[in-house]
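Colleague: Pick one part of this model and take me through it closely. Start with the layout of the chain, then go to the part itself, then to what surrounds it. Keep it brisk.

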Amino acid sequence: MLRNLDPVETAKLVSEGVARIQAAGADLVLVDPQYSPRVNERAQSASQIVSLLGKVAALRHVGFFPRFEVMREWHEEQAIPIDKFVIADGLHMNDWGYACFAQLLGDDIIKSVGQIQLGVTCRPACRRYRPM
């Protein structure tokens with residue numbers, strides 16, 4: 001996305017990579033890009049890659065974690081300033097962002113295997129965006 005790669009070729013490469021991982025017998029979860037200033041500078045490319053990864057996940061029957069939407073919700077809906085979860089490079093998440101990301105992803109993985117989450121709490125700002 002940041003390198004202006006062809007979306008069609010990227011989709012092909014991601015799909016092939018997923019197929020190879022599945023052929024090895026491993027489970028996987030696709031995670032889309034961060035919602036961050038550097039990514040948002042290329043809004044059209046970001047939208048394409050988010051859509052592309054969601055489609056590949058659905059076609060290959062693998063998990064998909066919508067990190068972009070989660071982080072967008074933190075900023076736009078919960079009014080958390082970007083610098084509270086993205087470092088100064090404008091691209092990468094900080095410790096708080098990664099901690100919330102890990103908590104939410106872990107919760108989804110636990111739910112996907114039918115287990116119960118025990119003894120773990122997430123700060124209110126880590127809430128996951130839940131579409132209606």
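Modeller: Helices here are DSSP runs of H or I with at least four residues, strands are runs of E with at least two, and numbering starts from the N terminus. On that basis the protein chain has 5 helices and 2 strands. The model is predicted. In sequence order, the elements run α-β-α-α-β-α-α. The chain has 132 residues, and 35% of them count as buried. Take contacts between residues at least 6 apart in sequence: 64% of these join residues at least 24 apart.

Helix α4 spans 67–77. Which of its residues are buried? They are R67, F68, V70, M71, R72, E73 and W74. Charged side chains are on that list too: R67, R72 and E73. What do the buried residues of α4 pack against? Their partners are β1, α2, α3, β2 and α5.

Start with F68. The structure holds 4 aromatic pairs. In one of them, the ring centres of Y35 and F68 are 5.2 Å apart. Their planes meet at 70°, so this pair is edge-to-face; the cut-off for that class is over 60 degrees. Y35 sits in the loop between β1 (29–31) and α2 (37–40), while F68 belongs to helix α4. Are the two partners buried or exposed? Y35 has 10% relative accessibility, so Y35 is buried. F68 has 15%, so F68 is buried as well. The cut-off is under 20%.

Now W74, another buried residue of α4. W74 forms one aromatic cluster with F85 and W96.

Next, the loop. A79 follows α4, and its phi is positive, near 60°. A79 lies in the loop between α4 and α5 (95–112). Most residues other than glycine have a negative phi. A79 is not a glycine, yet its phi is positive. Its relative accessible area is 62%, so A79 is exposed; the threshold is over 50%.

H61 is in the loop between α3 (43–60) and β2 (63–65). Its phi is positive, about 60°, and H61 is not a glycine either. With 71% relative accessibility, H61 counts as exposed. A positive phi turns up just after α1 too, at G25, where the value is about 90°.

That leads back to α3, one of the partners of the buried residues of α4. Helix α3 also packs with α1 (residues 7–23), at an angle of about 35° and with the axes 10 Å apart. The crossing of the two is right-handed. On the α1 side, the residues in contact are P7, T10, A11, V14, S15, V18, A19 and Q22. They meet Q48, I49, L52, L53, V56 and R60 of α3. By type, the contact of α1 with α3 has 9 nonpolar, 4 polar and 1 charged residues. Helix α1 itself has 17 residues. From first C-alpha to last, α1 reaches 24 Å, close to the 24 Å expected at 1.5 Å a residue.

F68 pairs with Y35, and W74 clusters with F85 and W96. After the helix, A79 has a positive phi.

Technical notes: Residues numbered from 1 in each chain as written. Predicted model: local features only at pLDDT ≥ 70, side-chain atom pairs only at ≥ 80, totals over all residues. Heavy atoms only, no water. Buried < 20%, exposed > 50% of the residue type's maximum accessible area, 1.4 Å probe, protein only. Axes fitted to C-alpha atoms, helices over the stretch in contact; angles between N-to-C directions. Left-handed = near helix turned anticlockwise from the far one by under 90°. Contact = heavy atoms within 4.5 Å. Expected span 1.5 Å × (residues − 1). Phe/Tyr/Trp six-rings, centres within 6.5 Å; stacked < 30°, edge-to-face > 60°.
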